[in-house]
Amino acid sequence: MSDYAIGVLTNIGLVSFIALSAYLLLIAGEMSFGQQGFFGVGAYVAGIATAMYGIPLPVAAVIAMAAGAAAAFLVGLPTLRLRGLYFAMATLAAAEMLRILFELIHFQREIDGELVGPDGTQGFRSIRWVFEAGIEPADFLVIVWALLALAVTAFIVVERSRLGATLRMLGEDPELARMLGIRVERFKLGIAAAAGAFAALGGALYAHHNTYIEPRNFDIMLGVHSLAYALIGGLGTVFGPLFGVLIDIGVLEGSRVFQGYRMIVFGGLVALLLVVRPRGLLDERFVHRLRFRAFRHT
Amino acid sequence: MLFDLLQNTLDGLAMGSAYALLAVGFTLIFGVLRRVNLSYGPAIMFGAYCATWVHLNFQAGVLALALITIAGAALAGAYVERLCFAPHRNGSAIAAMVASFALWMQFEELVTLVMPKHLYDFPPMLSADPISFGPLTLPIEALVMLGCALAIGFGLQRLLYRSRFGLAVRAVIDAPVAAQLAGINVPRILMQVFLLASSIGGLAGYLIVSTHTQITPMLGMWSTLKGLLAMMIGGLGSLPGAIVGGLLLGVLEAHSQWFLGPQSRDLLAYLLLFALLALRPFGLWRARHAETRA
């Protein structure tokens, strides 16, 4: 495989994590404009852990996920009762605050005669754990996709369980869910924290893939892209958001056919697609029909 | 110290007038459609870039540039309405919002394709000296901006509550089906509201770029965020609230920039938005049609 193909495939895997986190909230009926903030938290925390304290990446990734979940929990606590647009704006405000905090952090240590650590708007250089551990780009690609497969499996298991049914009920009608004895607030906080952890894991891997991160990487563009991925791919199955990422990064960027005006094509495509299928290509109806067909033949 | 406070307040009011104008256009769309148009700022940017292009290639006066900016923003607004809002009128608010974001991408790439430099100069509106009150100064542009914000806010309020068009708009807000049955052409009213809001945005955009005398593609995101912030502070769907919210945001930013620096200024603005949403989700001024489910 060429280096370019490996790079594109790794990127698809990395962005899929934040798309999954947006998807998780969307099926529970919440639209978050702020998942990029937790992606950033994951990137910074994991980067600080490996580059400044020599903690191995697997441990650092777990710490990053915990940090992402904690941050999402803290943001979720005061915004629980908000819905729709209000929740979207509150999460956007929170993510922008996080981004500005990244700009304000100057926290460096001298390691091997070189200053390492986040340096405000100058970014955070030399997150080289993957390189120093002798992991080739192709191996890193396998690691990213294996973790993604694990996450997708978790999603599939959850969606088939009672928990998954509750999740979708919460998205359809929270009042009904409350009447059926579901503790809506507690549930939502749990979902927000889980979505934060997924985004943070993506961020941790992103930081180690790029070796350099800066606050600008985690601006609103990333957040709205992740929402768009979930929404064009479809809200019917966990493969929807992955499909959305594949369409954008894989087909449009990877093929280089539309170089220079990829965004014009992608933007028009998304807008038109949403007219025809407001809940994405692989929406609930499509998935149900597919399942029905599959079972009829067996 | 007192002098700094006063001067900062004046500067803040000047900036706040721009925010107020942006918020008025935003509020108009939100109040009528109950939808957030993320492409509001990018449409303004598109209009301002049209004017910049004309300025670079032809001789055009101040008035012509202002009109081109407004027309460009209205044209872009109409495109957004057709593609993102008309099809989702009875459907999903989320889909409409994400679709409007998709068009934002288009506008941004379009202007960078045609005009690839990061920064372009824009001619100033007038080259008069700022007015001074003793030691305090206030640029003329700021006065024009404040005047425009107040005049448009007042005019819109009158238009909405004293004209047949306004009556139709309010009927569509309250009961779209009944309005349709009463013979109001609802899609047309919505299109007109969109054009009106985008034109107001275009005017705000012209005033802003001619005050700064430069333009970058960041104008799109900046306008959307500031308009949204001011609208949220003022209470969704309320015109007086949008103006007060814009002025308040401007003054707050000017003071926090002076005392704490530009990054803390933005941090504080977002903190204010977050706290307002968490504590007073209806805004400081409760709007007539406010609801928590949007």
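Me: Which word describes how α2(B) and α8(B) lie to each other?
Reply: The axes (lines fitted to C-alpha atoms, for helices over the stretch in contact, with angles from 0 to 180 degrees between N-to-C directions) of helix α2 (residues 40-57) and helix α8 (residues 186-212) of chain B cross at roughly 55 degrees and come within 9 Å. Angles under 35 degrees count as roughly parallel, over 145 as roughly antiparallel, 65 to 115 as roughly perpendicular, and the rest as oblique. In this predicted model, α2(B) and α8(B) are therefore oblique.

Me: What should I know about numbering and confidence before reading on?
Reply: Residues are numbered from 1 along each chain as its sequence is written, while chains are lettered from A and ligands numbered from 1 in the order written. The model is predicted, so local features need pLDDT of at least 70 and side-chain atom pairs count only at pLDDT 80 or more, whereas totals for chains, interfaces and linings use all residues.

Me: How many charged residues are in the contact of α2(B) with α8(B)?
Reply: Residues are in contact if their C-beta atoms, placed from the backbone, lie within 7 Å. The contact involves B:Y40, B:A43, B:I44, B:G47, B:A48 and B:A51 of α2(B), and B:S198, B:G201, B:G202, B:A204, B:G205, B:Y206 and B:V209 of α8(B). Ala, Val, Leu, Ile, Met, Phe, Trp, Tyr, Cys and Pro count as nonpolar, Asp, Glu, Lys and Arg as charged, and the others, Gly among them, as polar. On that basis there are 8 nonpolar and 5 polar residues, and the number of charged residues is: no charged residues.

Me: Which element gives the largest share of the side of chain B that touches chain A?
Reply: The contact takes 36 residues from chain B and 33 residues from chain A. On the chain B side, the elements giving two or more residues are α3 (62-85), α4 (93-114), α9 (218-234) and α11 (262-279); helices (H or I, at least four residues) and strands (E, at least two) are DSSP runs numbered from the N terminus. By class, this side has 26 nonpolar, 6 polar and 4 charged residues. The largest share, 14 residues, comes from α4(B).

Me: What is the radius of gyration of chain B?
Reply: The globule rule is 2.2 Å times the number of residues to the power 0.38, and the radius is taken over C-alpha atoms. The C-alpha atoms fill a box of roughly 60 × 50 × 35 Å along the principal axes. For 294 residues a compact globule would have a radius near 19 Å, and chain B agrees with 19 Å.

Me: Is B:T213 buried or exposed?
Reply: B:T213 is in the loop between α8 and β4 (214-215) of chain B, and its phi is near 55 degrees, a positive value in a residue other than glycine. A residue is buried with 20 or more other C-beta atoms within 10 Å of its own, exposed with 12 or fewer, and partly exposed in between, C-beta atoms being placed from the backbone. With 12 such neighbours, B:T213 counts as exposed.

Me: Where is B:R34 found?
Reply: B:R34 has a positive phi of about 55 degrees, although it is not a glycine. B:R34 counts as partly exposed, with 18 C-beta neighbours inside 10 Å. Its place is the loop between α1 (2-33) and α2 of chain B.

Technical notes
Contact = placed C-beta atoms within 7 Å.
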